[in-house]
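Have the viewer open as you read.

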Amino acid sequence: MDTQNWPEGVFPARLIERLASAGAIRAARSFDPDQVQPASLDLRLGPKAWRIRASFLPGPGHTVADRIDSLVLHELDLSDGAVLERNCVYLVPLLEALDLPADVSASANPKSSTGRLDVFTRVIGDHARGFDILPAGYEGALYLEISPRTFPVRVRTGSRLSQMRFRVGDARLDADGHRALHAAETLVVDENEPVADGVSLSIDLKGEGRNGLIGFRSKRHTAVIDMDRKDALDVLDFWDPLVNRGSEQFILDPDEFYILVSREAVHVPPGHAAEMVPFDPLVGEFRVHYAGFFDPGFGHSAAGGTGARAVLEVRSREVPFLLDHGQTIGRLVYERLAAPADRLYGTGLGSNYQAQTLKLSKHFRPYRQS
């Protein structure tokens, strides 16, 4: 479709709503009241899921539907909810589909709460060569690949595990742009490395509170987590707290999942959005941050924040890996919005992670140190 000229940059909420009104975003049912976020759209699961033998990409010339028949093991009905088991791969048609203008592309990431549970999700489109990327002008259905890595989870029709951004062109800041924005808006408090081609983030291993809490390690063989229930679970049934015992070092064990936190507080000003860049093998043999979107207003004082830590979902690879306090573990890259933000991430929207420090997903009751 091609209905109008769209401005360059990442789309704020009102442009996402305009896309939907123009027919570029189609949905099997009307949007939920809070589905459009400050610079992203939550994506909802459809009424069924397939457990499949393996992850896949359809590739050029093929739709997802062309590929799945040979991979499906069985079908699940999500209308009343179903449990997705650990280390299995599922494919779910989404309620949303796209008919994008010729100059508008889209990208997806897991929602923060999804990543903090180690639920691996990737959006797949027809004819796709890669995950989570829909090219400009994409027309077709959307599917979500889901693979819970640590906890079994319950989902249902309408559950929101992933989110999508829309953009025209490439509005990422270069090194000079990052430095200028930092000078004007303070992107990072107490920076560990100079702001250049993004904002570098390091790990906090000193900890907080009287016991020096530095993070959490997931437990094995737990109960099911309902992805749609907030403040329902006791932390200690699912997590082992980790404390600083004086060394300011920590060894990541292979095949374990950790929730840690950045040493720095970060800020996303209203005219911008940010994304944690993919894993960089130069910083070590581990993966950091499944859920990479930071909406405009994250850590912004006018939206209820005074800078906010980046909570990090960390999984080591094949070998144990030693982390030191202050070690660089990731990088935030900022992008310009296509128009001024009409809503900001924060308390006014009921956002779960504004002004956060070390925080588990919204499914858990607050952890009280003894």
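We'll start with the ground rules, then look at the cores, a helix and a glycine.

This is a predicted model, so local features need pLDDT of at least 70 and side-chain atom pairs count only at pLDDT 80 or more, while totals for chains, interfaces and linings use all residues. Residues are numbered from 1 along each chain as its sequence is written, and side-chain values use heavy atoms, with hydrogens and water left out.

The largest nonpolar core has 58 residues (a core being buried Ala, Val, Leu, Ile, Met, Phe, Trp, Tyr and Cys residues joined through side-chain atoms within 4.5 Å; buried is under 20% relative accessible area, exposed over 50%, partly exposed in between, with a 1.4 Å probe and protein chains only). At least three of its residues come from each of domain 1 (9-168) and domain 2 (175-336), with bounds from an automatic or database domain assignment. Among the residues with the most contacts inside this core are Trp239 and Phe364. A second, separate core of 31 residues includes Leu201 and Tyr345.

Now find helix H1 (residues 13-21), where Ala13, Leu15, Ile16 and Leu19 are buried. Helices (H or I, at least four residues) and strands (E, at least two) are DSSP runs, numbered from the N terminus. Down the axis of H1, the buried residues fall within an arc of 165 degrees, so they line one face of the helix; the arc uses directions from the helix axis to the C-beta atoms. Just after H1, glycine 23 takes a positive phi of about 90 degrees.

Finally, glycine 137 is found in the loop between strand S11 (133-134) and strand S12 (139-148). Glycine 137 is partly exposed, at 32% relative accessible area.
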